[in-house]
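Biologist: Please take a close look at the salt bridges in this model, both inside the chains and between them. I would like the cut-offs stated along the way.

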Amino acid sequence: MALDATLAGAYPKIGDTTEEQKLRRSLHQFDKGELSEEALEQIKDEAAQDVIQQQMEAGLDILTDGLIRWDDALTYIARGISGFEMAGLIRYFDTNTFYRQPVVESRLEFIKPCLVQDFQFAQEKSSKPVKAVITGPYTIAKLSRNHFYREFKQLAFDLAHIIHKEAQALEEAGCRYLQFDEPAILNHKQDLSLFLKVYEIVTAQLAKAEKTLQLNFGTLEGLYPKIFEVNVERIGIELIKGHPNWQVLKSAPFTKKLMAGIVNARNTKMESEAELNQIVHDLGEHVNVEQLWLSTSHSLEFLPRSNARKKIELLATTAKQLRGASVS
Amino acid sequence: MLLPTTTVGSFPKPDYLAKARFQFSKGQISKTELEELERKATREWIEFQEEIGIDILVDGEMYRGDMVTYFAENFKGFEISGLVRSYGNRYYRKPVAVGEIERANPVTVEWFKFAQSLTQKPVKGMLTGPYTIMDWSFDEHYSSRRDFCLRLAEVVCEEAKDLEAAGAQYIQIDEPAISVRPEELDLAIEAMGIATQGLKAHTLTHICYGDFPKIYPKMLEIPVDQIDLELSNNEFDLLGLFKKAPFTKEIGLGVLDVHSHRVETQSEVISRIEKALKIIPKEKIYVSPDCGLKTRGMEETKAKLRVMVAAVKEVRESL
Ligand SMILES: [Zn+2]
């Protein structure tokens, strides 16, 4: 175990050069019926491979598949669950991006794993471990519209069982890092007990993979430190300079491993290496830096690709230097 | 006159202009050639608004792309970013503040004068608000969102004053982003105070796509005479809010759903106006579409606006 650099989830699907926009052009051709589904899949594979290559070149220690196939945080998973139908576009938290809202029309049921193939593809192309990113059941439940369940908690529990199966399949496929994204709990802190029960279901008997709970788009205030009762090994939070989470950290010891979102994925302004070193130094007061993950505050899709690339390079360099420093 | 009709600002660009903008971006036609077509399209939209009897006109924004990027391209201190995804296969470029924001020259004033010269009816001066420009941009220069936003407010105010001096009786400063972060509503209000400071013209703001229950009634503190709201998109649910706390300003009543291809029927629009009349004094109601119409087709837009004006006429007769 050492201090590692990773990213919070998605990587920008396209860049600004003609070559890097092949996926965009192909999707456009596919929409017009000028490209077959197989040809499009091939291009998605190429894009995913390119994104993995970029992460390796940047020097990250734990990669993701870039979530190249995801349109948004909800639909890619929801389309693979029976009982959902997709409705209109809704703003995703306070961003200028949108998601298509899943609507629960009948009892939700697991069909088959929807992330395993992407994981296997990514892991095959990567010399570094690949972390699987899964939108958590609580957030899926909260951001969907419920036309079927009498109570929200029934919806959340059914989704918990479904996501559990997905996680289990990923673990069986060899995935050693599972990340559950649960931004919605930060807006509904009164639901914490329900949330903890949901995670008992999600994580039951998952013993091989290290599980991370990613909590961004807000602060841990009001959840802290009770959130540590959740059955995961690591918690990811936003910790860019000046973020209110810094205050929260002072209120109680951080008793799990930390994935620290220290690079701002929502602004192009570059952090300096000195700034990041200071942040890690400050984190040393709260957590064991040897087990720390340095990450981006959010998915990198809020940035143009060229800026995203610079940000992950900076993270990787920072982690590498800090590792070197602790050895000497 | 009761229930003056107006629109939120943008209209679809005719095919010849869309083509010309593409050619201009590839360097195939000159700026002068493009502007000639932008003026032609503006003239056509002014004629259309006159013809169907809209009361307060807009220039239709034939010369603008994105409502934030347009201003960023014309203010000093901004650069434009690489592509960022909004949804699906749709990407856009965001402004990046890289230095102190300044207005070297008036941005929209010549277009305002041109449009106003074509009609006796008032044409609105149309600006994007400081909070929205800040929220939709990256910032590599200012030390806080607040500093960035308040600087933009000063710059927007300079533009608004020039529009007023050029004869604008109505100045609309759009803040669609205002409803996304209720915790920053105070900042948005403060910024609008700076942007509208000293203006004698009638001031309006347009807000959309948001969680209004979270910012109402506080949003009534935005220092403008009129707030224009998207109401049809959620079938006038918002009116319920106004029963709890009265809407104290003039309202721009959105009666056309701009996200739908379907053209509303006259009776639908009438019933929307009548719902509002039960809650808001008739002297305070202006009637408009929910939002800008630039994403709708040409014929859809025209058909929707015709229905709106006809519906208002019918309601007026009953008042
Ligand atoms: Zn709008």
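Modeller: A:Arg305 is buried, at a relative accessible area of 3%, where buried means under 20%, exposed over 50% and partly exposed in between, with a 1.4 Å probe and protein chains only. This is a predicted model, in which local features need pLDDT of at least 70 and side-chain atom pairs count only at pLDDT 80 or more, while totals for chains, interfaces and linings use all residues. Residues are numbered from 1 along each chain as its sequence is written, chains are lettered from A and ligands numbered from 1 in the order in which they are written, and side-chain values use heavy atoms, with hydrogens and water left out.

The side chain of A:Arg305 meets that of A:Glu20 in a salt bridge at 3.0 Å, N to O, the term standing for a side-chain nitrogen of Lys or Arg within 4 Å of a carboxyl oxygen of Asp or Glu. This pair links distant parts of the chain, 285 residues apart, with A:Arg305 in helix α10 (residues 305-327) of chain A and A:Glu20 in the loop between β1 (4-5) and α1 (22-31) of chain A; helices (H or I, at least four residues) and strands (E, at least two) are DSSP runs, numbered from the N terminus. A:Glu20 is partly exposed at 24% relative accessibility.

Helix α10 of chain A also holds A:Arg323, whose partner A:Asp61 lies 262 residues apart in the loop between α2 (37-58) and α3 (75-78) of chain A. In chain B, the side chains of B:Arg64 and B:Glu61 meet at 3.7 Å, N to O, and B:Arg64 is buried at 4%, as is B:Glu61 at 12%.

Over all chains the count comes to 48 salt bridges, and four are between chain B and chain A. B:Arg85 forms one with A:Glu301, the closest N and O atoms being 2.7 Å apart. B:Arg85, B:Tyr87 and B:Asn89 supply 31% of the area that chain B buries against chain A, more than any other three residues. Between the two chains the buried area (the accessible area, with a 1.4 Å probe, that two parts lose on being put together, summed over both) is about 2200 Å², of which carbon and sulfur atoms give 45%. A network of salt bridges, finally, links A:Asp94, A:Arg266, B:Asp135, B:Arg145, B:Arg181 and B:Glu184.
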